[in-house]
Every structure is written in C-alpha cells, then in structure tokens.
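Could you take me on a short walk through this protein, telling me what to select at each stop? I have the viewer open and would like to follow along.

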Amino acid sequence: FHDIVSPERLAEIPATHRPYALSPEEFRAYVFAATQCPRRSIPVSHVPGDLGGAFYSLTFDDGHASAYAEAFPVLVELGLRATFFVVPTFVGTPGYVTWTQLREMVAAGMEIGSHSLTHPFVDRLDEAALRREFGDSKAIIEDRLGLAVHAASLPRGWEPPAMRSVLGSLGYRVFCTSRVGWWYPGNEPARKINLFSRQSQMPTTPS
C-alpha cells in the first residue's frame, strides 16, 4: 500500500500518484478480507523465522499521513500488524507522518522499516550511495524511535546488483522489492522478499 485518499480529494492527487491511492472503503474491504483467511499477519522482519508457516505481510511505503490517519486505526481495530516503510527526511513534513505518530504505531505493534533516505532510483546508485541511503536512514529511524530497524523496502521497486550485500552488512534481515519470486529456508539472511507494490494484488511472500 501507499496512500489512502477520500474520493472527494482524489481530484487533488497527481495522475502519476493515483495508481497508488485507495479510498478508505477500498482499504477497509481489502484488510477485512485478509482477516478472513487462515493466515496470520506478521511484520516483514519476522518472515525469516516464520518460513513454513501460514502468514502474510501487509506493507506501506513512503509514510504518507494517511498511514496514521486512515490505515493505522483500521489495523488496530481488526487486530492486524503491518510494516510501514518510511523515508526519514520526509517524516514531519506536510503530507507525511510525524515521529510522534510513528512512536504510537510502534507501541501498538506496528513495525517501522526504511524506505531509503531520500527516495531515489536505487538501481542507479553505486555501492557507496546505497550504503548512505540505507545506512543513514536506518540510523535516523533507530535514533528517533529507539528501536532496531531490520527491514527495508526499495523505492521504485528495483534491486541493484550490490543491494543484498550492502543491506546485509548494515544489519537488515530482509528487503522488499516489486518483483515476484520465491524465498526458501536456507537462503541468505538478507534475502529479498518479493512483494507486489500495486494494491490490486494481494502481497505474496514465500510460504
């Protein structure tokens, strides 16, 4: 997921962002349907320990204000956990969540992950830039929220060649892309999880 936008505000949303926007009613219907399946919702960083189990992960990219205002209350109401990937340089700016809101979400059982430092096209970055984007963002989130960050999501969804080794060396357990694939027991600890980034599809993780 990305943004949750009321129908009356949809006209304000740039056309390029509309594929990433759901109405509150659509979002509620989606997550309510998720509660009806026998699988459990788990934070993304818990996936390595749950391989072989019946689970799914709900994820949110970018840290839009609607993550707190619209998604968070519904998740709490339905007893679901999710991972919110934020860009720390966006946090506290207009249209995005605040650090206070993120702390409240963490206290309620939500996971906060890194969506990079500045939201670049990561497949165009060299190793040093990747380390800065995901090392600095991890450090800022950990400092502001007082927790360890173990999961990352790649802006634009594409994985550059050095991504796995860089994130592994920074202490990430998993990272999410937009490519479909399988993850098996015995794979590297910093293995990628391939998640659909479009709301029209259920997120799929290896099971």
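Start by selecting Gly 109, which comes after helix 4 and has a positive phi, near 105 degrees. Keep in mind as you click that this is a predicted model.

Now step back into helix 4 itself, residues 99-107, and show the side chains of Trp 99, Leu 102 and Met 105, which are buried. These three cover an arc of only 115 degrees around the axis, so they sit on the same side of helix 4. Next, color Thr 100 and Ala 107: they are on the other side of helix 4 and are exposed.

What do the buried residues of helix 4 pack against? Select helix 3 (65-78), strand 6 (83-86), strand 7 and helix 5 (127-145), and you have their packing partners.

Strand 7 is our next stop; it spans residues 111-114 and includes Glu 111. Is Glu 111 buried or exposed? Glu 111 is buried, yet it has no salt bridge. Draw a distance to Thr 83 instead: a polar contact of 2.6 Å joins its side chain to that of Glu 111. Among the other residues that Glu 111 touches are Pro 43, Val 44, Ser 45, Phe 84 and Ala 151.

Finally, zoom out to the whole protein, with its 6 helices and 10 strands. Of its 207 residues, 50% count as buried. The accessible surface comes to about 9500 Å², and 54% of that belongs to carbon and sulfur atoms.

Terms used:
Residues numbered from 1 in each chain as written. Predicted model: local features only at pLDDT ≥ 70, side-chain atom pairs only at ≥ 80, totals over all residues. Heavy atoms only, no water. Helix = DSSP H or I, 4+ residues; strand = E, 2+ residues; numbered from the N terminus. Buried < 20%, exposed > 50% of the residue type's maximum accessible area, 1.4 Å probe, protein only. Lys, Arg positive; Asp, Glu negative; His and termini not counted. Salt bridge = Lys/Arg side-chain N within 4 Å of Asp/Glu carboxyl O. Polar contact = N/O pair within 3.5 Å; in protein donor to acceptor, adjacent residues only side chain to side chain. Contact = heavy atoms within 4.5 Å. Arc of directions from axis to C-beta. Areas by Shrake-Rupley, 256 points an atom, 1.4 Å probe, with all protein chains shown as cover. Lists of a residue's contacts leave out its neighbours within four places in sequence.
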